[in-house]
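Student: I would like to take a close look at a single part of this model and have it described in one connected account. Please keep to what can be read from the structure itself.

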Protein chains: 2
Amino acid sequence: MALNETHDAGLQSWVASANTGKSDFPIQNLPFAVFRRKSNEQNGSESFRGGVAIGDQVLDMAAVHQLGTAKVLGGDVQAQVEAAAASQLNALMAMSPAQWSALRLALSRALRAGAAEEAALKACLVPQSEVEYTVPVQVGDYTDFYTSVHHATNVGKLFRPTNPLMENYKWVPIGYHGRASSIRISGVDFKRPNGQLKTPDADPVLKPCNRLDYELEMGIYAGAGNPWGDAIGIEDAENHIFGLCLLNDWSARDVQAWEYQPLGPFLSKNFATSISPWIVTLEALEPYRTAFTRPAEDPQPLPYLSSAANSQRGALDVQLSVAIQTEKMRAAGQAAEQITQTSYRHAYWTMAQLVAHHTVNGCDLQPGDLMGTGTLSGPTMAEAGALLEITEGGKKPLSLSNGESRTFLLDGDAVVFTGWCEKPGAARIGFGECRATVLPARQA
Amino acid sequence: MALNETHDAGLQSWVASANTGKSDFPIQNLPFAVFRRKSNEQNGSESFRGGVAIGDQVLDMAAVHQLGTAKVLGGDVQAQVEAAAASQLNALMAMSPAQWSALRLALSRALRAGAAEEAALKACLVPQSEVEYTVPVQVGDYTDFYTSVHHATNVGKLFRPTNPLMENYKWVPIGYHGRASSIRISGVDFKRPNGQLKTPDADPVLKPCNRLDYELEMGIYAGAGNPWGDAIGIEDAENHIFGLCLLNDWSARDVQAWEYQPLGPFLSKNFATSISPWIVTLEALEPYRTAFTRPAEDPQPLPYLSSAANSQRGALDVQLSVAIQTEKMRAAGQAAEQITQTSYRHAYWTMAQLVAHHTVNGCDLQPGDLMGTGTLSGPTMAEAGALLEITEGGKKPLSLSNGESRTFLLDGDAVVFTGWCEKPGAARIGFGECRATVLPARQA
């Protein structure tokens, strides 16, 4: 993939709100989601369909399709528009990078200031303030990785102070399978889970989790899959990635500590995973590719995890922020308070390495499969991606500006992730937000 | 659920092959699968659709549906027949036990010797020898448990001789998420996986697995799911189970040993999982329910995992056999050689406990979700469900009658699981077989 006319930072849209320089969704972004108008008496209950963000609007791809793609976007992207208009975007993800790229180019040209298509496409816009979103694909399988060496070290220190990082970490992109059914879109709140809690001196009891945590992650959507039994080589791996979102891998730390040996996390993770609605394509992120480096003293990745392109541009510089809004803040009209800012570029394993590793044994990826990066903690504690790290396992409470403090999340706390790319000479590319609020536990 | 007229051991079918006393599929069984006639010039490539086994025949449910359900099975089961005729049985599984039971009763009556429906239904039979099967549902999520205390102890001994069983084992029904995409139906062979192998004194290398193993398991299909955030109580749990199959959780032991800390098995398991085509319903297994007992000195299950019914009849006495047919045996026309026989009744956790545990945190099960029991080793080594146990981690080769021996599986080895229930006064209920052959690894 390379920079092309769609990345030109000077491009302006006839949708004025896209041109502020501060929007997450300028014409250089063009991310995909599945949406509908919020249900009310006037709208009734609409069907979910695909849309593309532009400024503060959604371009309704089902409306574009109905209008006649050939008329407003040219004749070459009819299949893509049909797939992008669906209530689940798996068919769009099953396409090739060339097909995705053609759709992006057509959208970019039609949404540009002065485009002849303005009059027709204007009728296909819906204000983002009037819509609600849903999980944009059928997630066949959800895999969660562990790509931050800083997170792995911080967490390891709590359990093994003298030997925090396991021997396999720098060789194996560690991952495990997560639960697809409990993935929910940003804005859907969830109940604090019940689970077995064990203190050192007593038998376990079933209780509401009292060490509830977030994990700051990105989600990676698979594009076209691989035939079962084949592998995807690292040089080809990015052709099998459609795009990225923000992902919160909610975690019940007390449940996890008791259950996770020897087969890994289970009920401590599978009660809820939140994702942001907008999927930013890999092509939109092209200006923010950066070198993938690891300390010279570390082992070099095995050949199946190594390529020149991966070293030169395998990483992605996505800025990531975590903010918390407690119930008290909400009552006082106070916005969410930022507690962490970091970047995806600190990850120890790249997207391409995750895909190559996942399939090296012949495991078949399918379009729309979701891969979490694992908690994206940066090198300093101000960049830590989970309360477990920030509070050193609950020992050092985090102070908030309104006088409250937290070791782990309380009922009513909303956690808000945001993500964006920004640098001189390139357009800002935003991810929107991933937000959910902790509700009280079900009476067990 | 209780015994009813469909369980009467004296029932005979007008399909004579069901009445031999040795068939896996007498009229008291009536399991479901998804099948089609094997593709050839005469049949072309047919569509997959649901069927019910009777003797050596498949009752084609799509043909029944087309014939007019009301005419041949009565008017009360039209919705069930339509769901059972589909190419994926999720809609059937989403129904209630009362609906499943009504379909079973209608099928039992129509297939009985002397039934008026014989003439019409005869046209809906297809010989099993002429069909092929496919995975009978869309598996939304696949969970694998670890319910045999004998397996957990045998494996634990290899790693921790003095402390084989972890402290959580007798409290927590340990489980983890598996890969849904790589589940294949019996008869589909698979390539030996490549993966990172690590010896104590050298860096890891990418190589074909050389400690390839099977795991003898049963698969449990979820029926109706639970709303996200709610739990399924143990008293209600079996109402959310549709039926069972045989399941082989193929395992790359060398890959597993190097990768599994701290997040559990990943590439060592997700290259292939084999399942038997026929789903035996919980109702068909009713005569084989047995008491669920654990040693008096063991902790009692926590209240959410405990009920009187679960103690009295929570376990299932399904006989299970593992046989191996090497390439040499195949060339010599020798049948697969049995190396293990055990029973599911030895499991430490019951089906109902698995469902109650899985959902206690609000995790949502969906119809057609598949739960593996984990390797079902019995109390003696002759009942061990994996080569890892039988050969004590590869140290004591298993001798076969033709002079060959195995520590782990070689290319060309076929592994065949069979399962059946049998006792005086009840009809034999069989599961058919779950078989696959190891193919050479892909050139890495």
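How much area do domain 1 of chain A and domain 2 of chain A bury between them, and what share of it is on carbon and sulfur atoms?

Tutor: The model is a predicted one, and the place to begin is the division of chain A into domain 1, residues 5-134, and domain 2, residues 142-439. Between them, domain 1 of chain A and domain 2 of chain A bury about 2,300 Å², with 66% of that area on carbon and sulfur atoms. On the side of domain 1 of chain A, the residues that lose the most area to domain 2 of chain A are A:H7, A:D24 and A:M93, which together make up 26% of what that side buries. The C-alpha centres of the two domains of chain A are 28 Å apart, and the contact draws on 30 residues of domain 1 and 27 residues of domain 2.

As for secondary structure, the elements of chain A that give two or more residues to the domain 1 side are β1 (32-37), β2 (49-54), α4 (90-93), α5 (97-111) and β5 (131-134). Of these, α5(A) supplies the largest share of that side, four residues. Sorted by class, the side of domain 1 of chain A that touches domain 2 of chain A holds 17 nonpolar, ten polar and three charged residues.

The contact between the chains can be described in the same terms. Chain B and chain A bury about 5,900 Å² between them, 59% of it on carbon and sulfur atoms, and B:W228, B:L263 and B:F266 supply 14% of the area that chain B buries against chain A, more than any other three residues. Here 63 residues of chain B are in contact with 63 residues of chain A, and the rule finds ten salt bridges across the interface. A salt bridge joins A:D369 to B:R179, with the closest N and O atoms 2.6 Å apart, and 37 residue pairs are counted in polar contact between chain B and chain A, both at pLDDT 80 or more.

Conventions: Residues are numbered from 1 along each chain as its sequence is written. Chains are lettered from A and ligands numbered from 1 in the order in which they are written. This is a predicted model: local features need pLDDT of at least 70, side-chain atom pairs count only at pLDDT 80 or more; totals for chains, interfaces and linings use all residues. Side-chain values use heavy atoms; hydrogens and water are left out. Domain bounds come from an automatic or database domain assignment. Contact means heavy atoms within 4.5 Å. Buried area is the accessible area (1.4 Å probe) that two parts lose on being put together, summed over both. Ala, Val, Leu, Ile, Met, Phe, Trp, Tyr, Cys and Pro count as nonpolar, Asp, Glu, Lys and Arg as charged, and the others, Gly among them, as polar. A salt bridge is a side-chain nitrogen of Lys or Arg within 4 Å of a carboxyl oxygen of Asp or Glu. A polar contact is a pair of N or O atoms within 3.5 Å; within protein, one must be able to donate a hydrogen and the other to accept it, and residues adjacent in sequence count only if both atoms are side-chain atoms.
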